[in-house]
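Me: I'm new to this structure and would like to know what stands behind the terms used for it. Could we go through some of them together?

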Amino acid sequence: MDGSSKAALMNGAEIIVDHLVRKKVPYLFGLCGHGITGFMDAAFKAQNRIRTVSTHHEQTAGHMADAYYKVRGEPVATFTSCGPGSANMVVALAAAMMDSSAFLAITGNVPTGQFNRGPFQETGRHFQGDFPSVIRPYVKRSFQPTRADMVPLAVTQAWDQLTAGRPGPVNLDVPLNVFVEETAHTPSDVPNRVVNGAPGNPAELSAALDLLLAAERPVIIAGQGVLIGHACDALVRFAELTRIPVVTSPNGKGAIPDRHELAFGATGRNGAYAANDATRNADVILAIGFSFDDRATSAWLDGYTLSIPPSRLIQIDIDPSEIGRNYPAEYGILGDAKASLDFLIEAARARIGGAREITAGWLARLGKGRAVWREYQGGLAESDQMPLRPERLMRALSRAIPEDAVVASDVGVHHNWIIQLMDTLRPRHLIHSWGFAAMGFATSGILGAKLAAPDRPCVAVVGDGSFLMTPHALATAVEYDIPVVWVVWNNNGFCSIRDIQHGMFGGRELATAFEVQRTGELYSPDFALMAKSYGVASHRVTHVGEVEDAIQTAIKANRPYLVEVPVDRDIRPIGTGSWDLPPLPNPEPNFLKALQARGLSL
């Protein structure tokens, strides 16, 4: 284990832990169980080289690992036992898989000598030791070494798979006996040779650039692939050079600072007005690392967020399955986001002689839309009502949370407000569960975010519904002294689903309000008191004037802290796009009508 070429006797668990240590993995997140004890013993012996953080539910461990990668761009590992222990990881694995986030999920299984005998917690009705089939749709690959001498290759290939191409979680499923059986092993410090970074086809990029530079109404859509590919600086340089406006997908927020003059917000149903205006009226679109998912595109409804054609599409992505999947790409280019943008920058410099004026009128139009949007939202944020208007709370969050913070949003109606109104100023300023929309992600994941960025404030904005799913994360924060802040957006219910019921089923509502069934009164636990029972400092906002101070106090305390904020449950996010749940009729955008009602105009 000293890095020499001499073989040594090591058990399977020691081989795995040693590999992680050599890859400079700082943390293991997980939960004990009989099937994982052999691995835990190896982790015990390596405590001075890799730190173990024990959670109170496996889902929390997975969300922590997901958030760690989203913030730092480096994978860590989780460990869970067989049966329900690893089954509890399914939601976290799915959330990471659908957001292209990577971590190594080490799962214990029953001993190989007991395969096919129906031992305690074996998944074996259709195939022996078949836990990998449970998570098959939600990992890039599962590896199941059934002998100790198979472990070195399995852990090496599993680790290399995490970040090769499109990142994602990988499973290493190990029978209990393989953790403890020994084999001769020669540790290796050979670096990972799977390197992303190739630009797309130069001829196609060059031709696509000609099309883009000739356009009068071009727009760049930056997806999460720009963040994952560390291409944000290149994106800004290219936009500034070409004077092309930039919008992002909701999952790409932070690819360009929202306060940049060429940034016009996120697209989709609850996106910013100028963003949807730009994409639906563009003559040429350059999409980079963007999957064209339904919530970012107004569910592919023509004319709401996109009209392709007549808009002409240039699509650059590292995943060939995304190119042309939802819209026909005139130029579909397989390539790394940063390397492709670097190529485009150099090519554009050679073709642009001076200041570009072709997009001036287009930028002026979009700029006016952005200004009116901000004026409309700013007026609503002046309200001093209690419970707070959502716009007022969003203003408080923007004022109270330092610009270098990591903000994690959980899933719920508050998530829509954050997409719409939070100024995201840099990559991974905002993290969230987008593709799978896993409730509990931020409540738990904020712990992993803080471990990834110990010098930055880390604040989770969570709905009361999502918080109640994984409140045990507070215990882990206290046990390991992880100083994070939870802002609980309390609106007494699953209000995003309530809004769908109201909009699509004539106001009929069932099972979305938190209420006492006998009386019909709205119900809420005392979240501040709940936090105190965990040993977490807390405060409940009782009047609007204290909300900024309460959040700032929580951050400055540098300890686990919860702030509960009552929010008006009947105020819904304004719609600038649409969404579709066929065959139900899709909702129409209501921003322009709301603008007229306020006496404002474009």
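This is a predicted model: local features need pLDDT of at least 70, side-chain atom pairs count only at pLDDT 80 or more; totals for chains, interfaces and linings use all residues.

Me: What makes helix α1 (residues 12-22) and helix α7 (residues 151-163) a crossing pair, and at roughly what angle do they cross?

Reply: Their axes come within 9 Å and cross at roughly 30 degrees. The crossing is right-handed. On the α1 side the contact is made by G12, I15, I16, H19 and L20, and on the α7 side by V151, P152, V155, T156 and W159. They count as touching because contact means heavy atoms within 4.5 Å.

Me: How do you know which class of residue makes up the contact of α1 with α7?

Reply: By class there are 7 nonpolar, 3 polar and no charged residues. Gly is counted as polar, so G12 of α1 falls in that class.

Me: Why are the residues of strand β15 (residues 406-409) called buried?

Reply: Buried means under 20% relative accessible area, and V406, A408, V407 and S409 are all buried, so each of them lies under that cut-off. V406 and A408 point one way, while V407 and S409 point the other way.

Me: What makes strand β17 (residues 458-463) a partner of β15?

Reply: Two strands pair if there are at least two bridges between them. β15 and β17 have 4 bridges and run parallel, so they pair. V407 stands opposite V459 in β17.

Terms used
Residues are numbered from 1 along each chain as its sequence is written. Side-chain values use heavy atoms; hydrogens and water are left out. Axes are lines fitted to C-alpha atoms, for helices over the stretch in contact, and angles run from 0 to 180 degrees between N-to-C directions. Helices (H or I, at least four residues) and strands (E, at least two) are DSSP runs, numbered from the N terminus. A crossing is left-handed if the near helix is turned anticlockwise from the far one by less than a right angle, and right-handed if clockwise. Buried means under 20% relative accessible area, exposed over 50%, partly exposed in between (1.4 Å probe, protein chains only).
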